[in-house]
Each structure stands twice: as structure tokens, then as C-alpha cells.
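Here is my note on the model, point by point. Please keep the structure open beside it as you read.

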Amino acid sequence: MKKSSFQRACSLLLALVLTVSLAACGSQNQAGESTPASGSPETEDLSHTLIYAGESESTINPLLNSHDELPDLIFSGLMKYDGNGTPVCDLAKDYTYDDTTFTYTFTLRDGVKWHDGQSFTADDVVYTYDLLTQDQSLSSSITSNYEDVSSVTAPDAATVVIQLSQYNAAMLDYFTIGILPKHLTEGQDINTMSFNQTPVGTGRYKFVSWDTAGGMIRLDRNTDYYDKVPNIEHIIYKTVSVESTKATMLQSGEADLAWLNAKYADSFRGNDKYKNIDFKTADYRAISMDFSTDFWKNNSDSIGVLNYAIDKDTIVKSVLDGRGVAAYSPIQLNRLGGNTQADIYPYDLTRFAAEMEKLGWVKGSDGIYERNGEKFHFTVQVRDYEEERVDIANLCASQLKAVGVDMEVDLVTKFDWDAGYNGFLSGYAAQFDPDMFYKNYVTGASDNTMHYSNPTVDNLLSEGRHTEGDEARRTIYQQFEAAYAQQPGVVLVAFLDGCYVSVAGLSGLDTTRVLGHHAVGVMWNIENWTLNK
Amino acid sequence: MAEVKDPRFQVVGINWKARPQTAAKPVPKRRLAGKPVFAFVLLLAIVLGCLFAGQLANHDPSGYYLQNLNEAPDSSFYFGTDSLGRDIYSMIWYGGRVSLSIGLMSMVIITALGITYGCISGLANTGVDAVMMRIMEMANSIPTLLLLLLLMSVIGKANAVTLAAAIGVTGWFALARLVRSEVRQIRNSEYVLAARCMGVGFGRIMTRHLIPNFVSSILFVIIASISSSISMESTLSFLGLGLPVDVISWGSMLSLANRALLLNTWWVIIIPGVFLLVTLNAITSIGNAFRKGNTKKPSNL
Amino acid sequence: MLILSVVVFYFARWAPGDPLQSFYGDAVESMSSEELAAARSRLGLDAPIHVQYVRWLQGALHGEFGLSLKYKMPAMRVVSPLVGNTLLLGTTAYLLVFLLATFLAVACALHEDTWLDRLICKIGTAVYYLPPFWLGVVLVLVFSIQLKWLPSSGAYDVGKAGDVFNRLRHMILPLTVMILSHLWYYGYMIRNKLLDELRQDYVLLAKEKGLTKRQIVWKHCLRNVAPAIVNIMAISIPHVLSGTYIAESVFNYPGIGALSVASAKYHDYNLLMILVLITGALVILSSILAQTVSEIIDPRIKETGVSAWQR
């Protein structure tokens, strides 16, 4: 009896300690968060608030999140893209380029303020570009874009001089990267600093609060913005982890705008309470092979041939409800790409069988191809919360299986690069300059996660990056397309449309812009949107 | 508890007459009511259907009929097709195989673990018993689903067997507790004591003396564990921690409910749900039938 | 709880999936081996497991539970705002389950073996076996999409964190799912306890005294069954808590249940650790509470020193 009450007291104590520490943390947190929120009245008029249902977020940082909507709203860069995807001045008032020394000289706008009231200066720019080019701990997939930057200096508070080691055709594009405030982030680990959850930028909207308990991020328009101040006063970004929930939120009136997959978007068509806004995107879905795994080290010659066996048009028709297009080149929708000569793999099963025979594959007793004692069996990881990816992977697997290739699909929530998968169902986009794929396809580049290596491709992409003039570059990129099709590292399946659905009262969305991966960039002209709820 | 009919014995006690009269009635009536029979027939039909899935199915259960997307039930696709043109009718039978076998496998694991642990704990001395119960209490203080989440994320790639094992390993606590209390009730009876005195081993005592004595009282729990395992499988599939995509089960079919709702294809949601529900209920009412036999005493009300 | 933390910690580190990778995302691929080693040591992942554990424990005693690998901030900061939501949902569901279960059980006991009893039993069992996530989806379809009466997701609307009614509206659907999926399990248990109680001799006495059926059941039987109910309640906490995982996931309700599911899938073990510990602490606390209550209701338990597991 005594003993048991002692034990009970002990466990009670332990549990209490934990709860108290928890409560302490909780109250601390609330104190930190409620201050800005308390400024808004309890029952709020939502007619000037845009509620956007988006993916769940963990950080808001332009250096870390290259395909998210929020960094683009909160931060701004030296340059920005206009509707056609051409870089124009933003934080920079103007710039000059000296083509003998490959030097850009930017004159910054006057009187730009960070959202916390501090002045924006050239030091912030230098600091950000130093991070991108020098910080070893920065784990960002975009560092390859800045390889040619040799020095960044600020002769005075309103001037930034960026010198390149050689000509780089896409450099102005990369100057669109958002600038981080030096005074708030210097000396911290960029990957884990708490700034990532309380960002301060110079952009059109300012961050107000991140209410994890309510699953929403709150932004207010930046009334001190140096350019056109947006019409819509507030944005609530609701973090939603399930795709179908975004659709139900629209239907039940809990959201005003969301990016949906083609099938869900279709269920809103013809309903005059909603608007369907269909963007073109440069976002492709493909089966990317990992060349660091033994299977593809031995069989890298047998990737292109798989294209013959995949009926891409039917996949587009069924999975994407026709909202997309079959893919043959990673940059086929780019302004410098689209070489139809690279479309060398029609859907043709007899051709497939013939090519496989040429490559030395022989069908085994179980109907699966074999070569050198190895079965044509490879594993592919697919992220489970994107239904279109799952469906595409399933259909490809079933079509390949039918012709004797065993592609095993594994659903994961988070890609696991160490588990030895032979590939993954990938999605990438080069919505602006085709050089955006330099980081994906050049040997050892920062986003070449699949270890693809092809000297011809390396040369062409490098040449494309360092050549002046659209016509010359077009020739190079079309050569790249053809060369890549000969010896591909991915089996391209389809380009997706970006299907947005909004309430009828939202207007101003402009579909001239080609969107990026996950249909990102829809808010490029948000300052012109209007909302009548 | 059965009424003694031998004329040599005379029943004595307060108002004993009232009892046989009221007690005798419901017994045959309940049998005739035939609830378990109906459930049994239903269950048999479903089990047979799943066993002969190959004969019943008129399409490839893992095939995608891309020309027939979202088709309502008709003469070719009896239960319709889903958004990728899979035939629900054929999937039901093949999926049932997987679901039912997961249920059975988990049941076997639960029974084996639960009975063994319960018997050891029940027969052991107070100290060991207390420790064993503490361990179980600890395991019990984490929700089963959280334990399963942990297990499944550690296992990584699941197949039907590992899934059944995980469900089994996390599901035996209640049974063990029950077995232990049963064992403690009979551990001091003469025949167990006698067997122990004669040096009979633990395994033999368990199988020969203990299990036959409490099997009737735990049968319900064992049968119910089949249904709870089947529904656990479907929950895990829904949460995305279940079977791989190419394995069809009722759970994985149901987990597509989310998207079917938005596309207004009711058959994708309702039909597997009905099959699951009917099966689980049939199993439970059969289990209940075993339990009802035990409570014959009439109410005093 | 200490043992629990050790087990989970070791478990977590054996698990597949490189924590470094969930931390740095896809960029790990492009890091050189020196960079990888540096990152590893920065996160303290290079030490042997037991050293890592001691470090973690030291931190834990100071309220530091490590960084969440997915959210890239201290795990405690991820979890603490969500605990309240789950407590609210869980406690309400828990109390309602037992309240409703008792009412149903009494209704059944009063009309044992009549059509009412059978109907409640049948429907109860059928509903109990409805997969909760499926039920949730159907509820969303009916009440959010078709009727537009209730919100389909979230804990509260924009700017209404303090609005009780708004919170309640958001809780109705998750509560319905949680209650329906547990109700009859306990309802049936209590019903059977009550039926056993009705076979006690004192019921005859009470009947002789001229009490009505209702009076007997409500005043006498229920009071005698109460300790048993409280005991069931004490051990059922983890079971009911299981319901939050599904309800929160289906309704996108920000709470530790949905977070547990997400972090298990993400191999975010620092986060999962803390979630397991919090859940354990909640369960232990409430079990102690339940035991104290049952001691107050039934002093016999205290005298004999019989705790729940020794019954």
C-alpha cells in the first residue's frame, strides 16, 4: 500500500513536471503570438480577406523554399518577373551591365523599408548573395544558379556591384531571388533559425502571425510598399495537408482560392459560384532514375526505350482529365525549347519489343525481361499525398508490366534518398529561362539529385548559359533536347495544367504567366486582384 | 449452471420455481430467432466469394480500364469503376481475401500472445505478476494507434504479413488481461494444483488444464479481434501507413473514399463500405452468440 | 515514462530514413561527404545512441526536446500550441461518450430483451464497426458540402480563436466521429454490467419495497455500477484518445493526433518522442484522476488497496 502510493506520487510528479513545462512553453508562445493578433477585433469582417488553401508549410524563406507562394509575397528581389516571365527591375531602380568585365551595377530604390521599419540597404543585398555563394551550411537546391558570381560589393548604401566570372544569360533571372534582412538573420543557421517562421521582408505583404493551432498564416498588405499597394487587405494562408480537403474547403466556403488537381477542379466547372482559372505550367511529371543505384549503372541504355511502352496521351486524358499534354522534352513548353525533332518515342509496342531485343533483353518465363541474369525490375518512390503522382505512377507501372518491365511503386510521404530506390516520380519546371534546368541536369549540380551525367548535355547547358542572344541560345537548347532524348535520365510523362478554382468574387488573376512547379506563381500580380465577397 | 433434471436431486432455495419457467423460454426462442444463422450464411457467402475470387471476377482486379472511367454499375462492371477505371466488383473479392486473411492472421497472433502472457502472469507469483501487469499497463498507456504508427514507420515497407503482425503485436493486451483474471480464478483449483505437484510443465498445464476451462469465456474476445483487426487495417490504409499500392484490400479501397466523394461516384464509397460493415457485423454477431450462452440467469427486475 | 522514452528513442534511431535528410531535405543529395559529416555533428547525430539519449534527456529536463526535423524549429514549439486543441476535443469526446453510453445502457437495461434493447444493440454494433475515417468523409459530404451547415476543417475560423461557438461548430463533426466510433463499445459494456447488477438480490428487495423500475435502476443499480464505470473510464483513456488521430486527420483539425500521424510518416522522431511522452503523461494523469474518483465513490477500493490491474 505504502509502496504503491509512493510510486503513484512519483509518476504524478513526473507527469506534472511535463505538463507544467508544456504549459509554460504554451503560454510563452501565446504571449508571443497574441500580441500582433490582438490588434484585430474578435469578430472580423472578412470581406477584404483572401483565404487561400495551400500546402502545409514549415519555413518561409526565399533561399530555402524555391517553389512556394509565400516567400514571393513577403520578400522581393533586385529584379522580378513580369507577366511574360521576363525579369524587370524591382528593388533595383535600374542597372547597367558592362560586358567587358561582366559586371552588373544596380542602383537601389530609395526609402525602401523592411516590414519592421528598418531601412533596406545595399548591405542586405551583399549579405544575401554572400550566403548564396559562400555559405557552406546552406542546404539549398539553387546554389548552382550563382556559380558564376565572383564578387558582390556595395560601394555605397544605394549601389550594388555584382561581378561575374563569365557571361551568364540567365543571371538577371536569378537576381529575382528574395533579399533577406541582414540585421535579423546574420550569424544564424539559415536552415533552422526562427526567422523562418517569423519572416520580415520588403515585399507586397507583411507577415503578421503564424497560428499553428488554427492552421493558418496571416499576412497584411504592406501599405509602405514601394510600388503599387495591393487592393486586398489581408491574406490568410491555410495550411492543408490533404489534397481533397482543399476542394471541400472551397465547397463549404472556408476558402476563396486553391490550386486543385484537374479532377477536383472539374467538379467546379459550370457552377457560377466559382471560377475556374486554368494556367499553363511548365511543370512536368516524369519517372526519374537514380544513376547512383546499381540497376541503372548497369542499364542506363534502357531508359529511353520505356517511352515506347507508355501511352502518355491516354494518361493525360484519364488522370489529368485532358488538362495537360504528353511530354517528350523537359523544356518543350519553354520559349527556347520545343524541338519536335526530339519527340522520338511514339507509343508503339512492336517498336518497343524490337528495341528491347536490340538491347539484348530477353523475356523470362514469368514474362519479365532479363539481361545478363538480371531482371528488368526497378523500384520507384512516389509521394502519397499528390493523387496525380500516385495515379500516374500506377498507370505507368501497369502499362510497363503489360509489356514485361517490372516497375515497383512505393508510396512514401517524404522522399527517402537512402533507402535505395531506383528512382522517383518527379516533378520539375523551367517556367522562365531554360537555364533553370542547369541545376538539374549538369553533372554534380545542386539539384541533380539523381546523379545524371552526360558530357554532351553538360556542354550544351553550359554553352546555353554562357551564350548571348535568343536565337543562338534557341539552337543550343534544341540541340540539348535532341541529345537528351537520345540518352534520357527520366521517362517524361506529361506536362500539367495549373487548375485554380476561386470564388466568383475574386478577379484579376492573369493567366498569361506560365506557372512553375506545383503551379506556383499564381500571385505574381496579386496587387491588381480585387475581392468582392 | 444447467438445470438438474435428475429426480434424485431436489432443488432448494428461495423462489426457485420462478427461475426455470422464465429461463426455459428464451433459450429455444433465441436459437430459432436464427440471428447467428443469418449472419453465418452471410459471412459464409462472403468468405466463399473471396476464396473463389478468380472464378467470380469478370475483370482484372488490378487492371485499369481507361476507357471506362467513373462508370456507374452496369452489366459489365457490376459495381461500377473508379476514377482510374478499376473494376470495383472484381476488386471486392480479391480485396476481401487480403482483408480477411489479415484479420485471421492478427487473430492468431493476438490469441497466441494474449493467452501465453495471461497464463504466465496468472500462474506466476505475486512479484512476477505485478511486474508483468506493470509492463502491460505501460504499453496500454499509449494509444494502440500511436503504437501502430510507431511500428509501421519503423517497419517502413509493409506487406500483408507484417501488417497483420503489427496489428497482432499491439492488440493482445485486453485478451491477456482477461486470460490472467480467468487463470487466477482457477489456478488454485485442485486439478491444477495436483498437476503442478506432479511436476507437469507449464506448456502442458496451459494447454491441458487452463485453456479448456476458460476458452468459452474468451472466445468472444478472440472472434471480435478478427473484426477489430480488419477495421484497423482499413484505418492504417487510410492514414497512408498500410499496404503497398498494388495490394488491394477493402481498407485501401475505402481509403479512396475521400476523392470519390468529390467526384460524385457513390458506388466507389458505398459498396466496399457495405461489404466491410456486413462482414464485421456478421463476425460480431457470431461472437455474440457464444457469449449469450453464458448469461442465462433471468433479471430480477 | 523514463523507460518509455528510452524505448522510443532507440526505436526511432533504428528506423529507416536518415534524419539528416528530413532535416535538410533534398539538398542532402548534393552535399559532399565532408559537408554531410559537419551537418551530422552539428545536429549531434554522430555520437553513439546512448550518448545521444543522455544528451536528449538532459535537454528534456530543461524543457528542451530537440529540434523537429520537419518543421525545423524546437519540437516543443511545434507541439505546445496544438495540445490545447486536442485536449479540448479529446476531453469533450471522452465525457460525452460515457455520458451517452450510460444513458443508452440504462435505456437498454430497463427494456432488456425488448425491441428497443435489440434495436439499440443492433444499431450500436453496426455503427461501432463503421470505419471512423469513412464516417468522417460521409459527414463532410452531407453536412459541409451538401448542406453547408458545418465547416469541414480546422479548429476555428479566421480571427475567431476566442469564440466559443465558433470552436464548437468546428468540433461537431470530429466529435460525432469520435463518439460514434466508441459509444457502443462502452455502452454495451455498461449495459452488461447493469444487467448483471439487476440479477442481484437487493433488486428483489427494492422491488418488494414498491420502487419503480426506473428508480431501482437509476438510484440503486447505477450507483453500484458507478465504480465499475469509472474503472472502465480509467483504462479507456488511451482507447478514446486513439480516436483523435483519425478525427483530426480527416477534418484537418490542428492537434497532436494529426501531428503524430504526420510525424510518423515523416520519420520526425524528435517530434514523435515528445508526442508519445505527452500522450503517456496525459494518460497517467487522467488514470490517477479516475482512480481517485473511484476511491471517493467506492471507499472499499482504498481499504483493500486493490488497484485497477489487480481486480
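1. Two strands pair if DSSP finds at least two bridges between them. Helices (H or I, at least four residues) and strands (E, at least two) are DSSP runs, numbered from the N terminus. With that in hand, look at Arg371(A): its bridge partner in β16(A) is Glu374(A). Strand β15 (residues 369–371) of chain A pairs with β16(A) over 2 bridges, in the antiparallel sense. The sheet is open and has 3 strands, in the order β14-β15-β16 (chain A), with antiparallel pairing. β14 (362–363) and β16 (374–375) of chain A are its edge strands, each pairing on one side only.

2. Ground rules. This is a predicted model, in which local features need pLDDT of at least 70, side-chain atom pairs count only at pLDDT 80 or more, and totals for chains, interfaces and linings use all residues. Residues are numbered from 1 along each chain as its sequence is written, while chains are lettered from A and ligands numbered from 1 in the order in which they are written.

3. Confidence. The predictor gives the complex an ipTM of 0.73 and a pTM of 0.80. Chain C has an average pLDDT (the predictor's confidence in each residue, from 0 to 100) of 75, and 73% of its residues score at least 70.

4. Two residues are in contact if their C-beta atoms, placed from the backbone, lie within 7 Å. Residues 304–311 of chain C are also below 50, with 11 contacts beyond near neighbours in sequence. Where pLDDT is low, the predicted coordinates should not be read in detail.

5. Parallel strands in chain A. Strand β17 (residues 377–383) and strand β18 (residues 406–412) of chain A run parallel, joined by 7 bridges. Arg383(A) stands opposite Val412(A) in β18(A). The chain passes from β17(A) to β18(A) through helix α11 (residues 387–403) of chain A, a right-handed β-α-β crossover. Right-handed means that, with the strands pointing away from the viewer, the path from the first strand over the helix to the second runs clockwise. β17(A) also pairs in the parallel sense with strand β19 (residues 423–429) of chain A, over 2 bridges. There, Gln381(A) faces Phe424(A) in β19(A).

6. A hairpin. Strand β4 (residues 92–98) of chain A is joined to strand β5 (residues 103–108) of chain A by 6 bridges, and the two run antiparallel. Thr96(A) has Thr105(A) as its bridge partner in β5(A). The hairpin has 4 residues between the strands, and Phe102(A) takes a positive phi near 50°.

7. Glu243(A). Is this residue buried or exposed? Glu243(A) counts as buried because it has 20 C-beta neighbours inside 10 Å; the cut-offs are 20 or more other C-beta atoms within 10 Å for buried, 12 or fewer for exposed, and partly exposed in between, with C-beta atoms placed from the backbone. Glu243(A) lies in helix α6 (residues 243–251) of chain A. Beyond four places in sequence, Glu243(A) contacts Asn261(A), Tyr385(A), Glu386(A) and Glu387(A).
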